[in-house]
Amino acid sequence: MVETLGVAVIGAGMAGKAHMAAWKAAPSVFSSDVPALRLVAVADLYEPLARECARRFGFERHCTDWREILEDDEIQVVSVVVANRLHREIVEALLEAGKHVLCEKPLSDSLEDAEAMAEAARHAEERGVLARIGFTFLRAPGVATLRELIDDGTLGRVRHISGRYWTDYGASPQAPVSWRYRGGPGSGALADVGSHLTYLLEFLAGPVREVSGGRLTTEIAERPLPLGNVVGHQHVEVSAETAPVENDDYATFNARFEHGAGSLEVSRVATGHPNGLVLEVFCENGSARWDQERPSEIGLALRGDGPRVGGFRQVILGPAHPYVAGGMAMDAPGVGWGQNQMFEYQARAFLEEIAGVPRDQALPRCAAFDAGLHNMRILAAAADSALAGGATVALDDASDELPLEGATP
Ligand SMILES: NC(=O)c1ccc[n+]([C@@H]2O[C@H](COP(=O)([O-])OP(=O)(O)OC[C@H]3O[C@@H](n4cnc5c(N)ncnc54)[C@H](O)[C@@H]3O)[C@@H](O)[C@H]2O)c1
């Protein structure tokens with residue numbers, strides 16, 4: 001095992017900071033038997049942000065041109081955390097330069113680019129260079145618990161599943177236009193949060209075989225131009241000038257999974273739900289639910305409890321559940337955690353894979369780009385369904401093993 005790996009993060013916006021904090025923590029969550037990390041560089045086009053983030057998270061330097069990272073022999077691992085349409089150029093160049101890449105979801109903003117990236121990743125892997133995509137919520141202890149309860153027969157076979165990811169970052173018409181509001185049909189809320197949701201429902205119910213009932217709507221057709229740098233979902237001072245919103249504020253579709261059918265609904269204009277990701281799965285022996293706004297618990301209803309005492313019970317998650325024991329400095333029952341820890345586990349999983357920690361001693365691996373491509377194919381099928389008035393669209397890439405890494409660390 002190499003002793004030290006050098007890390008860089010490209011993109012210092014909302015999720016970029018989560019990656020920086022995650023890399024800082026990754027060698028110390030669960031155990032210390034992975035390579036030490038040198039936090040080498042932060043790259044962001046906006047220099048004040050790059051400088052501030054490097055200082056805040058303990059990276060040695062910053063730059064505004066990500067190409068500097070290509071040449072830097074002290075960097076072996078890079079997080080790519082910029083707008084989706086920029087992923088391909090940066091990722092391909094990094095892989096070519098021999099850097100291991102952890103790219104944010106969705107893989108890209110077009111199927112064509114995603115296919116090229118998956119191809120580049122396959123070639124890179126032949127040279128021992130890894131490319132992975134971070135579907136962060138896979139690491140939520142509650143989500144992993146649902147998967148365990150399905151796999152171990154407590155819940156048993158999935159009958160049907162429901163997921164919604166309601167957000168409200170675009171609920172105000174004064175929210176300025178940014179890269180998130182630009183792109184073709186399906187590149188809005190569907191790509192942004194629907195990519196997470198789709199991955200998670202597949203994690204529980206198996207690969208999507210077919211989608212139907214697609215619908216995309218744009219509720220706010222024009223948005224003001226920002227007067228300053230916009231990070232993530234921030235609202236900044238805006239100009240009187242507006243630009244058209246090109247993509248979806250709301251999307252919904254139905255899917256037939258390997259196990260059962262289900263519905264998915266996403267929004268970025270759902271006032272009151274800043275991060276409203278909820279999954280509910282209905283199985284032969286009972287039902288279970290996980291809600292990102294209450295991440296330290298699941299709801300569980302077991303049919304065997306009968307009508308007198310049956311019904312949804314609250315199960316507080318703790319060290320008996322995946323990702324908790326050792327996953328936090330204080331891993332006592334009931335301490336609670338949040339989305340930032342998921343980024344730590346994701347970084348840790350990538351670090352373990354790069355270091356060659358065997359699967360049976362490691363966290364579930366991060367998804368390969370082929371899984372990211374499959375995820376984009378589902379989103380594209382949902383958009384195609386919407387454009388064809390809700391028509392049924394088959395998925396023919398039969399990626400049976402892709403998103404179904406084991407649940408338990
Ligand atoms: N896993 C998650 O939970 C999660 C959450 C949020 C975002 N994301 C993903 O992370 C990515 C970034 O999203 P975000 O919300 O952090 O975006 P953001 O707009 O907040 O940040 C993007 C940053 O990239 C910088 N940038 C733009 N062009 C650049 C270039 N050529 N070189 C270097 N930096 C450049 C911008 O200055 C900005 O600071 C997206 O792919 C998004 O889907 C994932």
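This is a predicted model: local features need pLDDT of at least 70, side-chain atom pairs count only at pLDDT 80 or more; totals for chains, interfaces and linings use all residues.
The pairing of β17 with β6 is antiparallel and rests on two bridges, and within it R132 stands opposite A368 of β17.

## The nine-stranded sheet

A second open sheet, again with mixed pairing, contains nine strands in the order β16-β15-β14-β13-β7-β12-β11-β8-β18. Here β16 (313-316) and β18 (393-394) stand at the edges with a single partner strand each, so one side of each lacks a neighbour in the sheet.

Helix α11 (residues 369-387), by contrast, lies across β8, β11 and β18, and runs at about 55° to β8.

Strand β13 (residues 276-283) pairs with strand β14 (residues 286-291) in the antiparallel sense over six bridges, and the two strands form a hairpin with two residues between them. Within this pairing, F282 has S287 of β14 as its bridge partner.

Strand β14 is in turn joined by four bridges to strand β15 (residues 297-302), and these two run antiparallel; they too form a hairpin, with five residues between the strands. G286 stands opposite L302 in β15. Four bridges then join β15 to β16, also in the antiparallel sense, and in this pairing I298 stands opposite V315 of β16.

## Domains and their contact

The domain assignment divides the chain into domain 1 (4-136) and domain 2 (141-335 + 368-394), and the centres of the two domains, taken over C-alpha atoms, are separated by 24 Å. Their contact takes 25 residues from domain 1 and 24 residues from domain 2. On the side of domain 1 that touches domain 2, the elements giving two or more residues are α5 (111-126) and β6 (131-134), and α5 gives the most, with six residues. The residues on this side of domain 1 divide into 16 nonpolar, four polar and five charged.

The UniProt record, an unreviewed entry, places the feature "domain: GFO/IDH/MocA-like oxidoreductase" at residues 144-288.

## Surroundings of the ligand

The shell around the ligand contains 25 residues, of which G13, M14, A15, E104 and G232 come nearest. Helix α1 (residues 14-25) supplies the largest share of the shell, three residues, while each of domain 1 (4-136) and domain 2 (141-335 + 368-394) contributes at least three residues. By residue class, the shell divides into 14 nonpolar, seven polar and four charged residues.

## Backbone geometry in two loops

Most residues other than glycine have a negative phi, and most peptide bonds are trans. Against this background, two places in the backbone deserve a mention. The peptide bond from K105 to P106 is cis, with omega near -20°, and P106 lies in the loop between β5 and α5.

The other place is F30, a residue other than glycine with a positive phi, near 75°. F30 is found in the loop between α1 and β2 (36-43).

Definitions and conventions
Residues are numbered from 1 along each chain as its sequence is written. UniProt positions are given in the numbering used here, feature names are shortened, and annotations may be inferred rather than shown by experiment. Domain bounds come from an automatic or database domain assignment. Two residues are in contact if their C-beta atoms, placed from the backbone, lie within 7 Å. Ala, Val, Leu, Ile, Met, Phe, Trp, Tyr, Cys and Pro count as nonpolar, Asp, Glu, Lys and Arg as charged, and the others, Gly among them, as polar. A residue is near a molecule or strand if its C-beta atom, placed from the backbone, lies within 6 Å of it. Two strands pair if DSSP finds at least two bridges between them. Axes are lines fitted to C-alpha atoms, for helices over the stretch in contact, and angles run from 0 to 180 degrees between N-to-C directions.
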